[in-house]
Amino acid sequence: MSAEPTSGRISLTARRKRYGERTVLAVLWLCAAVSVFTTVGIVGVLFFEAFQLFRIPGVSIVEFFTDSAWRPFTDPSSDLFRIGVWPLLNSTLLITAIALLVAVPLGLGSAVYLSEYASPRVRKTVKPALEVLAGVPTVVLGFFALTFMTPLLRSVFGTDVVPIFNAASAGIVVGILIVPTIASISEDAMSAVPRALREGAYGLGASRRHVALRVVFPAALSGIVSAVILGFGRAIGETLIVSLAAGNLPPGDLPALNPFQQVQTMTAYIVQAVGGESPRGSVTFQSIFAVGALLFVVTFAINIVAQRIVRRFREEY
Amino acid sequence: MNQRTSAQLSEAPATGQEKAGRSVVFDVRDVSVHYGSAPALVDVSLQIRRREITAFIGPSGCGKSTFIRCFNRTNDLIPSARVTGTIEYHGQDLYAKDVDPVEVRRRIGMVFQKPNPFPKSIYDNITFGPKVNGMKVDLDEVVETSLKRAALWDEVKNKLKDSAYSLSGGQQQRLCIARALAVDPEVILMDEPCSALDPIATSKIEDLMRQLEDDYTIVIVTHNMQQAARVSDRTAFFTAEVESDHGDHRFGRLVEYGDTATMFSNPTDRRTEDYISGRFG
Amino acid sequence: MATTTQERRVTPVHDLRSSRRRAVTEQMTRAVLLIATALSVIVLATLLIDILRDGAGRLSLDFLTSYVSRFPEETGIRAGLTGTLSLMALVALMTFPIGVAGAMYLEEFAPDNRFTRLLEANINNLAGVPSVIYGLLGLSVFVYILGFGRSLLSGALTLTLLVLPVIIVAAREALRSVPREIRDGGLALGATPLQVAARQTLPAAMPGILTGMILSLSRAIGETAPILVAGAIAFRRADNEPWYPLEAYTAVPIHIFDFVKRPQQEFQIEVASAAIIVLLALLLLMNSGAIVLRNRYSRNR
């Protein structure tokens, strides 16, 4: 196919072999779109199955959001049956609050130290350690909560104050779970602050403490806020630690603020109810999805809020 | 490789007279290139003739690289690029709607400024082109022929399975030339092919260009005037301008175009003379 | 502006020592931050030491080759090991082609329009969904609607959906790191974008893609919640094999969950610790493999 212009036109139009390519590209597109199918599937399934719950006679969606007791295992027609989700939601929020109380100081403290104070040698040992901590499966942390943290709390505060299943053990360990998340994202944000900013501050006679806390920290604020919010989201969705250490009995009196009581989070309920292998169509089975739908909405809302906040902080900076 | 008969390949180098009568491969008329709204090159018209070496020279920012990329539709790869005007390749509009850029690039090859061999063996680098184009050829033969034509065969014939990265910069560039030759193009575009190489490697490639000229049409962009003077038959000189009615952007214009010997000894335009004598650029 | 010598003498100008108070605050700040950092490391160390101390005694070949039982001395995690390995085999088989294909599309061919951005945002959002919700998806769709039941296949499919966004992101990174000149060179030879992507970009990115896959799979190994909800059982006294995907199944983390929940002290602490050691060893193996792969790859270039 020499391009000698000896006769006629040279064809520069496409040759036939390209048709197969279009099929391949379509397949590639489909694979990328699997994620869309996943999202659609999650939303569809959760809300469809949740909706099935409220079609069962005796189960009212109004009660779901307003009642203050959660006793779904009896027959809906009996007086003992209560379907208010607040105890579960309360438990989730209590544990998350404890977790953040632990994780934010530890995580941000580590981030500031690693970013502004630590020598390269310290950084080389600590950062991998944090990564290892991040890689520990949550079931192992649940084990740690029940077999180490709980006895510890019971010996410090007394066994009559701290029951075996309590929110504090689980909350503290969930906090430990999210420390690496908060620390590494915050540290990245702080490292990204330009050196010139630091040097300017040092040049004005600021101490390291000033530079770290008054220059770098505010400059990295959008990244830090998103780190905390991401940690928050992870804490809310945590399942294993709370299943093993926090208990399976939702609190009776709301609001439940005592950390040393047994609680049951939304995620722990899902695990408990699934274990019973109740048949499809039953109250128990469908209630799992109603709780799951609520969990999804909450975490989704948090993600949206996080993105909004990050965007706004970024503009101000 | 089968299509070129040995008779054609061993034609004696053409004399200046014969070259003057060469047929036109590219007919460029009023071509401008814009990136978004900013012009890069404005109103260029010239012709590229068969089996000649045409050089584009000019100061930086004059659009010569942008221009050469029009000839094999590489500008298509930049989303904001817009080419207006006409480029005809043997009478066919290169930018017509039904023209397939992939076909264009098979016939009009390109060698880049920085040698970019694939992270594969020398052998596989050369056979890639024929394979993807479905050329029914003896691969071993193509490899040998291409490497010989690129003056690289003797240096690599015993290590064809070695990685291309084991070669020196100059050898890698000759490998890229061999790779381009393997798909049997008519035209070879070279965008500053020697600027990343040392003087010895450069001179080897310049020798290579003169050899290849017998069989291929070559267009080169160079910032080295002496190279253009040494190597090319025709030269096009571009300049970089800033004009207020084009939005204060720096863009390129063709200033002068003609026989190299004439341009360098007796340029028509004052700006050409200034550039060539080193007064600017 | 006349001032007396008396008023000008506040601090000796040539004294460059920092004030005592400032030094103390600096040291205190440093100490507090150091403690915060050290605490995480200490917790990790405590966790690992505890587990090793409690579980090492139980580790033996018998532990790996026996099934669970009511008696702690006779309990082993064989069923879980085979289950975990089978799950991983199936998940790898499914996520590799889909993940690589999806990443190739997004990185090499997707036009820069709203739909593509939606696709990318979607993948990022999925990473923030709690893993237990994937379990719910699996329970409804794979176990019931598609009728696979509480089987190995349902578990593997659930984990695939969980891990796929991570693999796509990792594969995209690997593809992105292939230098542009390789693509340009391929296109200049008259290859179509698909040919260049398949024959040049993808092979060049493969070590990075494999590293990402191994890391993603190692994360999936430790995931308990999704398969717990999608139907994994704890008390299984038979092996799992990937070529019998419709069987009931268990996995090592499921065993751990079960052991910790049992009332007996030996199960809760010693047997669980031993199982945890096995799980962590598996993770260590996979992560080291990925690191070795990554190092060998960067040496070759």
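What pLDDT does chain C average? Chain C averages 89, and 93% of its residues score at least 70. Here pLDDT is the predictor's confidence in each residue, from 0 to 100.

## Model and confidence

This is a predicted model: local features need pLDDT of at least 70, side-chain atom pairs count only at pLDDT 80 or more, and totals for chains, interfaces and linings use all residues. Residues are numbered from 1 along each chain as its sequence is written, while chains are lettered from A and ligands numbered from 1 in the order in which they are written.

For the complex, the predictor gives an ipTM of 0.89 and a pTM of 0.84. Within chain C, confidence is lowest in helix H1 (residues 5-8), at a mean of 49. It is highest in helix H10 (residues 225-229), at 95. Helices (H or I, at least four residues) are DSSP runs, numbered from the N terminus. Over residues 1-6 of chain C the pLDDT is below 50. Beyond near neighbours in sequence, this stretch has one contact in the model. Two residues are in contact if their C-beta atoms, placed from the backbone, lie within 7 Å.

## Where chain C meets chain A

In chain C, 60 residues are in contact with 65 residues of chain A. Several helices of chain C give two or more residues to this side, including H4 (78-109), H7 (152-176) and H12 (265-300). The largest share, 17 residues, comes from H2(C).

## Around Ala275

Setting aside residues up to four places away in sequence, C:Ala275 touches C:Ile77, C:Val252, C:His255, C:Ile256 and C:Phe259.
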